[in-house]
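Subject: Structure handover

Hi,

Here is the structure I promised you. Please open it next to this email; my notes follow.

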Amino acid sequence: MTAVPGTSGRIAAAERGETRIADRVVAKIAAQAAKEAVDEQPEEAVAPRATVTVHRDTARVRVSLELGYPCDIGRRCGGVRRRVVERVRALAGMDVPEVIVQVERLHPTGAGTAARGRVR
């Protein structure tokens, strides 16, 4: 504890209290990071969603998302994990030891899908 000079032993403002970041705020950071990591999302796909469990300065994250098909699912999920860890650490100051990425749906992409989707 450090007293501020000339304040009769009062505690410096930076040393009073603590900052808490709500789980839902960390979840929004994670969802936005996942959206940034998925560079091209199909038009009909819903935005990535995230849930988190925060304990002290540690966040465990679960991200649900939809991807275009075909794609390298493992590479895309790895990119999402890296981006979520990076952004949560930078913006919330939390360690992220676990990011679970759940692919909810694959959306066909490419020239051949338009013809298959048409009713004749």
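Is Asp-39 buried or exposed? Asp-39 is exposed, at a relative accessible area of 60%. The cut-offs are under 20% relative accessible area for buried, over 50% for exposed, and partly exposed in between (1.4 Å probe, protein chains only).

**How to read it**

This is a predicted model: local features need pLDDT of at least 70, side-chain atom pairs count only at pLDDT 80 or more, and totals for chains, interfaces and linings use all residues. Residues are numbered from 1 along each chain as its sequence is written, and side-chain values use heavy atoms, with hydrogens and water left out.

The average pLDDT of the protein is 86, and 84% of the residues score at least 70. (pLDDT is the predictor's confidence in each residue, from 0 to 100.) Residues 112–120 have a pLDDT below 50. Beyond near neighbours in sequence, that stretch has 1 contact in the model. A contact means heavy atoms within 4.5 Å.

**Overall layout**

The protein has 3 helices and 3 strands. Their order along the sequence is α-β-β-α-β-α. Helices (H or I, at least four residues) and strands (E, at least two) are DSSP runs, numbered from the N terminus. Of the 120 residues, 31% count as buried. Take the contacts between residues at least 6 apart in sequence: 63% of them join residues at least 24 apart.

**Helix α1**

Helix α1 covers residues 23–37, 15 residues in total. From first C-alpha to last it reaches 21 Å, close to the 21 Å expected at 1.5 Å a residue. The expected span is 1.5 Å times one less than the number of residues. Buried residues in α1 include Val-26, Ile-29, Ala-30 and Ala-33. The cover over the buried residues of α1 includes β1 (49–55), β2 (58–69) and α2 (73–92).

**Salt bridges**

There are 5 salt bridges in the whole structure. The criterion is a side-chain nitrogen of Lys or Arg within 4 Å of a carboxyl oxygen of Asp or Glu.

- Arg-83 and Glu-36 form one, with the closest N and O atoms 2.5 Å apart. Arg-83 is in helix α2 and Glu-36 in helix α1, so the pair ties together parts 47 residues apart in sequence.
- Glu-36 also meets Arg-87 in a salt bridge (3.9 Å, N to O). This pair links helix α1 to helix α2 as well, with the partners 51 residues apart.
- Asp-39 pairs with Arg-76 (3.5 Å, N to O). Asp-39 sits in the loop between α1 and β1 and Arg-76 in helix α2, so this pair ties together parts 37 residues apart in sequence.

Arg-76 counts as buried, at 13% relative accessibility. Glu-36 is partly exposed at 33%, and so is Arg-83 at 26%. Glu-36, Arg-83, Glu-86 and Arg-87 are linked in a network of salt bridges.

**Backbone and surface**

Two backbone spots to look at. The peptide bond from Tyr-69 to Pro-70 is cis, with omega near 5°. Pro-70 is in the loop between β2 and α2. Arg-56 has a positive phi of about 60°, although it is not a glycine. Arg-56 is in the loop between β1 and β2 and is exposed, at 74% relative accessible area.

Regards
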